[in-house]
Amino acid sequence: MAGSAHGHTPAAWTGVIISFIGFCIAGVFMVAANVPGFWAGVGVIVLGGIVGGAMKVAGLGMPKESAAVAAARDAATAVAKAHA
């Protein structure tokens with residue numbers, strides 16, 4: 001994944017950060033035996049996915065790969081395998 005820039009977008013970072021905060025909230029309230037607080041944390045986790053998805057739709061995610069880019073990547077991979 002390191003060569004594809006997968007997940008290196010504002011939409012991905014924002015969604016993951018919000019979800020991580022929700023995970024922390026849910027964890028604290030689970031240890032504290034506070035059921036409503038736990039479910040509030042789970043709600044924040046879901047909110048992170050919704051916000052990340054909305055940001056992706058708004059154009060802050062990875063653009064879809066064109067056929068030309070996919071063909072060039074496949075050709076480069078084939079050449080690299082032939083020389084290996």
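Me: Two residues are in contact when heavy atoms of theirs lie within 4.5 Å. The model here is predicted. Which residues does Gly-41 touch, not counting residues up to four places away in sequence?
Reply: Gly-41 lies in helix α2. Neighbours up to four places away in sequence are not counted. With those set aside, Gly-41 touches Gly-22, Ile-25 and Ala-26.

Me: Is Gly-41 buried or exposed?
Reply: A residue is buried when its relative accessible area is under 20%. Gly-41 has a relative accessibility of 0%, so this residue counts as buried.

Me: How far apart in space are Gly-41 and Ser-19, C-alpha to C-alpha?
Reply: Along the sequence, Gly-41 and Ser-19 are 22 residues apart. In space, their C-alpha atoms are separated by 8.9 Å.

Me: Which residues of α2 are buried?
Reply: Helix α2 covers residues 35-60. What covers its buried residues includes α1. The buried residues of α2 are Gly-37, Gly-41, Gly-48, Gly-52 and Met-55.

Me: Is α1 roughly parallel or roughly antiparallel to α2?
Reply: Helix α1 takes in residues 10-31, and its axis is 7 Å from that of α2. The two helices pack at an angle of about 180°. An angle over 145 degrees falls in the antiparallel class, so α1 and α2 are roughly antiparallel.

Me: How many nonpolar residues are in the contact of α1 with α2?
Reply: The residues of this contact are sorted by class. There are 9 polar residues and 1 charged residue in the contact of α1 with α2, and the number of nonpolar residues is 16.

Me: How far apart are the end C-alpha atoms of α2?
Reply: Helix α2 has 26 residues, and at 1.5 Å a residue they should span 38 Å. The distance between the end C-alpha atoms agrees with this, at 35 Å.

Me: What separates the C-alpha atoms of Ala-71 and Gly-61?
Reply: Ala-71 belongs to helix α3, residues 67-83. With a relative accessible area of 46%, Ala-71 is partly exposed. Ala-71 and Gly-61 are 10 residues apart along the chain, and the separation of their C-alpha atoms is 22 Å.

Me: What is phi of Ala-33 near?
Reply: Ala-33 sits in the loop between α1 and α2. Its relative accessible area is 66%, so Ala-33 is exposed. Ala-33 is a residue other than glycine with a positive phi, near 60°.

Me: Are the rings of Phe-38 and Trp-39 stacked or edge-to-face?
Reply: The count of aromatic pairs is 1. The ring centres of Phe-38 and Trp-39 are 5.1 Å apart, with the planes at 75°. Planes over 60 degrees apart are in the edge-to-face class, so the pair is edge-to-face.

Key:
Residues numbered from 1 in each chain as written. Predicted model: local features only at pLDDT ≥ 70, side-chain atom pairs only at ≥ 80, totals over all residues. Heavy atoms only, no water. Phe/Tyr/Trp six-rings, centres within 6.5 Å; stacked < 30°, edge-to-face > 60°. Axes fitted to C-alpha atoms, helices over the stretch in contact; angles between N-to-C directions. Helix = DSSP H or I, 4+ residues; strand = E, 2+ residues; numbered from the N terminus. Parallel < 35°, antiparallel > 145°, perpendicular 65-115°, else oblique. Nonpolar A, V, L, I, M, F, W, Y, C, P; charged D, E, K, R; others polar. Expected span 1.5 Å × (residues − 1). Buried < 20%, exposed > 50% of the residue type's maximum accessible area, 1.4 Å probe, protein only.
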